[in-house]
Amino acid sequence: MSWWILFVAGLFEIAWAIGLEYSDGLSKPLPTLGTAVALAISMLLLAQAVKELPVGTAYAVWTGIGAVGTASLGIVLFDEPATLARIFFIGTIVVGIVGLHLVSGGS
């Protein structure tokens, strides 16, 4: 269950990171509120996950999910470059996340 909680925490990390863009430097009230709520939920879920998972592994997976999701949505939503090298390195992060899950006895 902790891995699922960690995964959802990572999704909320993506939400608050993308929210930063929409909040325009935290100057727009509604997107700023959404960003703050997503950040709080993400942190609370991460804290819950580390009750059973090693903190180093959980943090690496959490930030990895956030990085992959935010970089991917940056390409889709904000026309950030989708170069072969960028996609390769995003894929490398995914391999790292899966690898950490596998060597940590995740299920």
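How many helices and how many strands are there in the chain? There are 4 helices and 0 strands. Helices here are DSSP runs of H or I with at least four residues, strands are runs of E with at least two, and both are numbered from the N terminus.

Hello everyone, and thanks for coming. A word on the model before we look around. This is a predicted model, where local features need pLDDT of at least 70 and side-chain atom pairs count only at pLDDT 80 or more, while totals for chains, interfaces and linings use all residues. Residues are numbered from 1 along each chain as its sequence is written, and side-chain values use heavy atoms, with hydrogens and water left out.

Let's start with the whole chain. Along the sequence, the pattern reads α-α-α-α. The radius of gyration is 15 Å, close to the 13 Å that the globule rule gives for 107 residues, so the chain is as compact as a globular protein of that length. That radius is taken over C-alpha atoms, and the globule rule is 2.2 Å times the number of residues to the power 0.38. Taken along the principal axes, the C-alpha atoms fill a box of roughly 40 × 35 × 15 Å.

Of the 107 residues, 29% count as buried. Buried means under 20% relative accessible area, exposed means over 50%, and partly exposed is in between, using a 1.4 Å probe and protein chains only. Now for contacts, meaning heavy atoms within 4.5 Å. Among contacts with a separation of 6 or more, 67% come from residues 24 or more positions apart.

Next, the helix pairs. Two packed helices are described by the angle between their axes and the distance between the axes. The axes are lines fitted to C-alpha atoms, for helices over the stretch in contact, and the angles run from 0 to 180 degrees between N-to-C directions.

How do α1 and α2 pack? Their angle is about 155 degrees, with the axes 8 Å apart. The two helices are therefore roughly antiparallel to each other. On that scale, under 35 degrees is roughly parallel, over 145 roughly antiparallel, 65 to 115 roughly perpendicular, and the rest oblique. The crossing of α1 and α2 is left-handed; left-handed means that the near helix is turned anticlockwise from the far one by less than a right angle, and right-handed means clockwise. In this contact, residues of α1 including I5, F12 and W16 meet residues of α2 including P31, L39 and L45. The contact divides into 16 nonpolar, 5 polar and 1 charged residues. For those classes, Ala, Val, Leu, Ile, Met, Phe, Trp, Tyr, Cys and Pro are nonpolar, Asp, Glu, Lys and Arg are charged, and the others, Gly among them, are polar.

Helix α1, residues 2-22, also packs with helix α3, residues 55-78, at an angle of about 40 degrees and with the axes 8 Å apart. These two are therefore oblique to each other, and α1 passes α3 in a right-handed crossing. Among the residues making the contact are W3, F7 and I14 of α1, and W62, I65 and L73 of α3. By class, there are 16 nonpolar, 6 polar and 2 charged residues.

The last pair is α3 with α4. Their axes come within 9 Å and cross at roughly 150 degrees, so α3 and α4 are roughly antiparallel to each other. The crossing is left-handed. Here V61, V68 and I75 are among the α3 residues that meet α4, where the partners include I90, I93 and L100.

To finish, a few single residues. F89 sits in helix α4, residues 84-103. Is F89 buried or exposed? F89 is exposed, with a relative accessible area of 52%. Its C-alpha atom is 9.4 Å from that of V68, 21 residues away along the chain.

Then the loops. Most residues other than glycine have a negative phi, and most peptide bonds are trans. D24, in the loop between α1 and α2 (29-49), has a positive phi near 55 degrees. At 49% relative accessibility, D24 counts as partly exposed. D79 also has a positive phi, about 55 degrees, although it is not a glycine. D79 lies in the loop between α3 and α4 and is exposed, with a relative accessible area of 68%.

Finally, G25 lies in the loop between α1 and α2 and counts as exposed at 68% relative accessibility. The C-alpha atoms of G25 and A60, 35 residues apart along the chain, are separated by 26 Å.
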